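Please look at the sequence and the model first, and then read the points below.

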Amino acid sequence: MSLLEVRDLHTHFIAYDLDNRLRTARALNGVSFSLEPGRILGLVGETGAGKSLTALSILGLLKPPARVVAGQAVFEGRDLLALPPEELNALRGARIGLVVQSPKTSLDPLARIGQQLVRLQRAHRPEFSAAQAEARAAEMLAAVGIPDPKRRLRAWPHELSGGMAQRVLIAMALVNEPSLLIADEPTTGLDVTVQAQILDLLRGLARQRGIGAVIITHDLGVVAHYCDEAAVMFAGQVVEHGPVSALFARPAHPYTRALIAATPERLQLRAPRPSGSPPNLYALPEGCLYRDRCPMAQDVCTRPPPDLALRDGHAARCHLAEAA
Amino acid sequence: MPARAIGGFLLRRAVLLVPLLVAVSFLCFMLVRLGGQDPVAMLAGPTATAAELEMVRRNLALDQPVWAQFLVWLGKVLSGDLGRSWISNRPVLTELLDRAPATLELLLYGVGLGALVGIPVGLKAAQKPDGAFDQVSRFLSLLGFSTPTYWLALMALFVFFYLLAWAPPGMGRISLMVDPPPRITGSYLWDAMLGGQWEAARSAAAQLVLPVLCIAIISAAPIVKQTRAIALEVLASDYIRYARAQGLPAGEVRRMVLRNSMVPVVTFVGTELAGLVGTTALIEYVFAWGGIGQFGLNAIIQGDFAVVQGYVLLLALFSVLVFLVVDVLVMLLEPRAVRA
């Protein structure tokens, strides 16, 4: 059984505009992917593709006017989207760890690192004594590579560098021994060398503890180096997914190909770039959403594309995938 | 950490205080001096001869250049001599210190009550922006904002004394029928309670109710508005979002919001306290309170230079002290404010 299976997730922003007309922005249009225990999935796509929104939808953290209108997110056999809020709250931070992209502002500025780690453990495991929780907090800091963890428990968030703060966030995400970790752009805003350290750490800890992880990123390099599986998102859909090796060796969707061609280490001056912006979410076209930007678009593309299965568990949502 | 850090901080602050107070006193000295009234003519009276005028002028050092006058004044101020009131002929310092506790009492109870009500209301309003509670509290806060101080005080007397007769008349700090208690703190209420004079204590408390309520209303309006804005900002912060994403229980999240809102709220209440000293003068006037506000206001009307200068200087000193206390509180609440 999959650890997490997201099926046909639709999230819309429904609000009145200035003329008091009800308008719907269809931000997620049928996101589907699955994650096996212990595997690392890279969710990749351009800004506005719906990567973070997918995570927020699954975790029940959407704020109005955003709301999930259809779909399922089955985690360990339970549909997260159908759970009552208290039960979902009990899973968040316990069975599901979350690492976010602005570690320095995501820590409570008025609590010491140790207090925050203890607070989080005792919220989900009331049976822990303060001393037990503190001992585990120190272990966790050591595990994420923070030197002198006992002393660091007494540090304030503002005393940490960005990289250190991100390590603390990882410690917080893992302290309650989750089976699923969601890391939303975990290295944005960090130095390149620190980025590599953080991603190495994330992958190492996930492997060592058998945690399934979703890494949300716009960087194909991160997916290629650190993930087992990849899911490429465009306009609120997963347009291609599969094992990293297959997907990078034989990208099937024109959008994936454009993305790969645009990665800096491969960038050639005349290579086709993914130009243009995401489609208007208020008025999505029929058929393939990438049609207007696709260099290969044909008449058939005005019909909704199938999720076409290719070799090795690799699939693309494109009429022309097989031809490629 | 704190004790030593705070000690060092207070020392640095005390050193900085000196130039600040000199600057403030220069400003109020000049302002009064630019007022255009000639104290010599007023003092010497309409029948004085030119020679008499000259003598008074020399006695008051008013024949010297303004900067020299300032230095003379400053020297005296430093030795605790704020001059004499030209109306009562008593030392200004004595006059002010006699009246200061009355004003301080009014102000502290009023703003204290305003904060006690305003902060929880602001926090509650922020929990559900545009909800019913928020709408009502915003309306009341706007009402409080736009009500003129003196009108509020007059209406309070009109309704609660004249119409309903629930409150005593606005004639000072204690009923005329009751002997004031012997002075210990300068507050009739506390002095009466310390001396066990329950009748006097009851009367002093009754006199306090209306003016304290007026100040509470005036101070609560901006405190509600500000607390709500601060709490909304905290609620929208990354760390609250992350706390929710980690499944922290609602009570724990509320505690985080409260603690993180407190630093700016405390600072704001401090500013209110310092700012309302002036407004209190109007309340004192209506209730014939006899504090320094009323005294200072009278001095301005009557052109009593030395008193006005002393009054302004005392207000400046009060503000500085309030901000000092606020800074210490912020240091205790906010780890980032502590310098190594």
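Predicted model: local features only at pLDDT ≥ 70, side-chain atom pairs only at ≥ 80, totals over all residues.

Residues are numbered from 1 along each chain as its sequence is written, and chains are lettered from A and ligands numbered from 1 in the order in which they are written. Chain A has eleven helices and twelve strands, whereas chain B has 13 helices and zero strands. Helices (H or I, at least four residues) and strands (E, at least two) are DSSP runs, numbered from the N terminus.

**Chain A**

- The radius of gyration of chain A, taken over C-alpha atoms, is 21 Å, close to the 20 Å that the globule rule gives for 324 residues, so chain A is as compact as a globular protein of that length. The globule rule is 2.2 Å times the number of residues to the power 0.38.
- Along the principal axes, the C-alpha atoms of chain A fill a box of roughly 65 × 50 × 40 Å.
- Of the 324 residues of chain A, 44% count as buried. A residue is buried if 20 or more other C-beta atoms lie within 10 Å of its own, exposed if 12 or fewer, and partly exposed in between, with C-beta atoms placed from the backbone.
- Among the contacts in chain A with a separation of 6 or more, 64% are made by residues 24 or more positions apart. Two residues are in contact if their C-beta atoms, placed from the backbone, lie within 7 Å.

**Chain B**

- From the N terminus on, the elements of chain B run α-α-α-α-α-α-α-α-α-α-α-α-α.
- The box filled by the C-alpha atoms of chain B, taken along the principal axes, is roughly 85 × 55 × 40 Å.
- In chain B, 36% of the 340 residues count as buried.
- Residues 24 or more positions apart account for 70% of the contacts in chain B with a separation of 6 or more.

**Where the chains meet**

- 24 residues of chain A are in contact with 16 residues of chain B.
- On the side of chain A that touches chain B, helix 2 (85-91), helix 3 (103-106) and helix 4 (113-124) each supply at least two residues. The largest share, four residues, comes from helix 4 of chain A.
- By class, this side of chain A has 14 nonpolar, seven polar and three charged residues. Ala, Val, Leu, Ile, Met, Phe, Trp, Tyr, Cys and Pro count as nonpolar, Asp, Glu, Lys and Arg as charged, and the others, Gly among them, as polar.

**Helix packing in chain B**

- The axes of helix 7 (residues 149-163) and helix 9 (residues 198-235) of chain B come within 10 Å and cross at roughly 140 degrees. Axes are lines fitted to C-alpha atoms, for helices over the stretch in contact, and angles run from 0 to 180 degrees between N-to-C directions.
- Helix 7 and helix 9 of chain B are therefore oblique to each other. Angles under 35 degrees count as roughly parallel, over 145 as roughly antiparallel, 65 to 115 as roughly perpendicular and the rest as oblique.
- The residues of this contact include B:Leu152 and B:Phe160 of helix 7 of chain B, and B:Leu210 and B:Ile217 of helix 9 of chain B. The contact of helix 7 with helix 9 of chain B has ten nonpolar, one polar and no charged residues.
- Helix 12 (residues 292-302) and helix 13 (residues 305-333) of chain B pack at an angle of about 140 degrees, with their axes 9 Å apart. Helix 12 and helix 13 of chain B are therefore also oblique to each other.
- Among the residues that make this contact are B:Gly296 of helix 12 of chain B and B:Tyr311 of helix 13 of chain B. The contact of helix 12 with helix 13 of chain B divides into seven nonpolar, one polar and no charged residues.

**Two residues of chain B**

- B:Leu210 is found in helix 9 of chain B. B:Leu210 is buried, because 24 other C-beta atoms lie within 10 Å.
- Leaving aside neighbours within four places in sequence, B:Leu210 is in contact with B:Ala156, B:Leu157, B:Phe160, B:Ala167, B:Gly170 and B:Phe287.
- B:Leu273 lies in helix 11 (residues 250-286) of chain B. With 23 C-beta neighbours inside 10 Å, B:Leu273 counts as buried.
- Apart from neighbours within four places in sequence, B:Leu273 is in contact with B:Leu107, B:Val111 and B:Val322.
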